[in-house]
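Hello,

Here is the model I promised to pass on.

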Amino acid sequence: MGNLRRRLTQVITAIITNGYLPGFIKGDIYRGNLKRFCVPGLNCYSCPGALGSCPIGSLQAVIGSAKYQISFYVLGTIALIGTLLGRLVCGWLCPFGLIQELIHKIPSKKFRISSKNPAKFAKYLILIIFVIILPMFVVNVVGMGDPFFCKYICPAGTLEAGIPLVLMNPSLRQAIGFIFSWKVFLLILTILASIFIARPFCRFVCPLGAIYGLFNPISFYKLEVNAERCIKCNKCTKSCPISIETYKTPNSPECIRCGECIGACPTKAISSSFGFKESERKFRQMEIE
Amino acid sequence: MKVKEGLRWILLIASIASIVIGIFREEVLTVLVKAINICLECVGIG
């Protein structure tokens, strides 16, 4: 039931954030005022259906502009969402997360990679180098920097914006070159990896997930483990797509808060809550039951 | 736990304040201008 609720939320969010249908018909993008606002997940603002702005694209746009060095607006938006939800966004609201999960359903041998694998730190490096340092310091004569993450890495942009726009727009089709081929190669790599590994982009590459992850230990939304109920059977770890030992670190920065562990726990020791007092009430209620 | 709860509220207030500062600095306009034009870098052309 929880899984169905999450899938429905993912699908509805993907539809709402990409609900500009004329874009898909005309091969153009939405140009209205809603694009002042950032959506919570990684969703390219040049997707023909996109109604809002991608937080990582917006962050680079402001940092790379000639006028500003830092973006209070975008960082504040990301921090607000992170403080409230942490990586719940990744598990429930991100369209590119949904795409990876659907691809992972393709029948094949699945590989589990430990949540302690040092490759997880790659996303922090990508965040610092491609989203902050390069757009800030590698600038042209008028002081403007490129959005390096969008330009050289982001497979979400290639899938949601690059391919549809190039297919529908002859003038863009004529302009494609090496960078487009490189980005298609990265997209294919991401798709192939998603078949065998759960959420590879979110775990090793996504700079937005890296930021939200830092908020996981202190966000209002959190997971809690009742130590008295927990029998350390490790079923939470086995059910977790990221292989997190939930009973030890329920609010790990790697946790995408999909809630699989909550359903898998045989003693109902894991609980999620929003706020402080609510969790105490929830455990008391569980004890009464 | 009290420290964590305090930090949570401080972050919430700081993030809202940061958004307001960003609005006053007219960063929103930069976001809007970038987002309403096809981002050639995102597409893989620019």
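A word on domains before anything else: their bounds come from an automatic or database domain assignment. On that basis chain A is divided into domain 1 (2–210) and domain 2 (220–288), and the C-alpha centres of domain 1 of chain A and domain 2 of chain A lie 29 Å apart.

Some housekeeping. This is a predicted model, in which local features need pLDDT of at least 70, side-chain atom pairs count only at pLDDT 80 or more, and totals for chains, interfaces and linings use all residues. Residues are numbered from 1 along each chain as its sequence is written, while chains are lettered from A and ligands numbered from 1 in the order in which they are written.

On confidence, the predictor gives the complex an ipTM of 0.95 and a pTM of 0.92. For chain B the mean pLDDT (the predictor's confidence in each residue, from 0 to 100) is 92, and 98% of its residues reach 70 or more. Among the elements of chain B, the lowest mean pLDDT, 86, belongs to helix α3 (residues 40–43) of chain B, and the highest, 95, to α2(B).

Now chain A as a whole. Chain A has 16 helices and two strands; these are DSSP runs numbered from the N terminus, with helices being H or I of at least four residues and strands E of at least two. A compact globule of 289 residues would have a radius of gyration near 19 Å, and the 20 Å of chain A agrees with that. (The radius is taken over C-alpha atoms, and the globule rule is 2.2 Å times the number of residues to the power 0.38.) Along the principal axes, the C-alpha atoms of chain A fill a box of roughly 65 × 40 × 35 Å. Of the 289 residues in chain A, 48% are buried. A residue is buried if 20 or more other C-beta atoms lie within 10 Å of its own, exposed if 12 or fewer, and partly exposed in between, with C-beta atoms placed from the backbone.

How do the two domains meet? The contact takes 19 residues from domain 1 of chain A and 15 residues from domain 2 of chain A; two residues are in contact if their C-beta atoms, placed from the backbone, lie within 7 Å. On the domain 1 side, α1 (2–17), α4, α5 (88–93) and α12 (200–204) of chain A give two or more residues each. By class, that side has seven nonpolar, six polar and six charged residues. Here Ala, Val, Leu, Ile, Met, Phe, Trp, Tyr, Cys and Pro count as nonpolar, Asp, Glu, Lys and Arg as charged, and the others, Gly among them, as polar.

The contact between the chains takes 45 residues from chain A and 30 residues from chain B. On the chain A side, the largest share, nine residues, comes from α4(A). The residues on that side divide into 26 nonpolar, 12 polar and seven charged.

Helix α2 (residues 27–35) of chain B deserves a look: seven of its nine residues are buried. These buried residues pack against α3 and α4 of chain A together with α1 (2–24) of chain B. One of them is B:Val31, whose contacts, leaving aside neighbours within four places in sequence, include A:Ala61, A:Val62, A:Tyr73 and A:Val74.

B:Val31 and A:Val74 also turn up among the residues with the most contacts inside the largest nonpolar core, which has 83 residues. Such a core is a set of buried Ala, Val, Leu, Ile, Met, Phe, Trp, Tyr and Cys residues joined through C-beta atoms within 7 Å. The largest share of this core, nine residues, comes from α4(A). Both domain 1 (2–210) and domain 2 (220–288) of chain A give residues to this core, so it lies between them.

Finally, two backbone spots to check. Most residues other than glycine have a negative phi. A:Arg199, in the loop between α11 and α12 of chain A, has a positive phi of about 50°; with 24 C-beta neighbours inside 10 Å, A:Arg199 counts as buried. A:Asn234, in the loop between β1 (221–225) and α14 (235–239) of chain A, has a positive phi of about 75°, but A:Asn234 counts as exposed, with 12 C-beta neighbours inside 10 Å.

Best wishes
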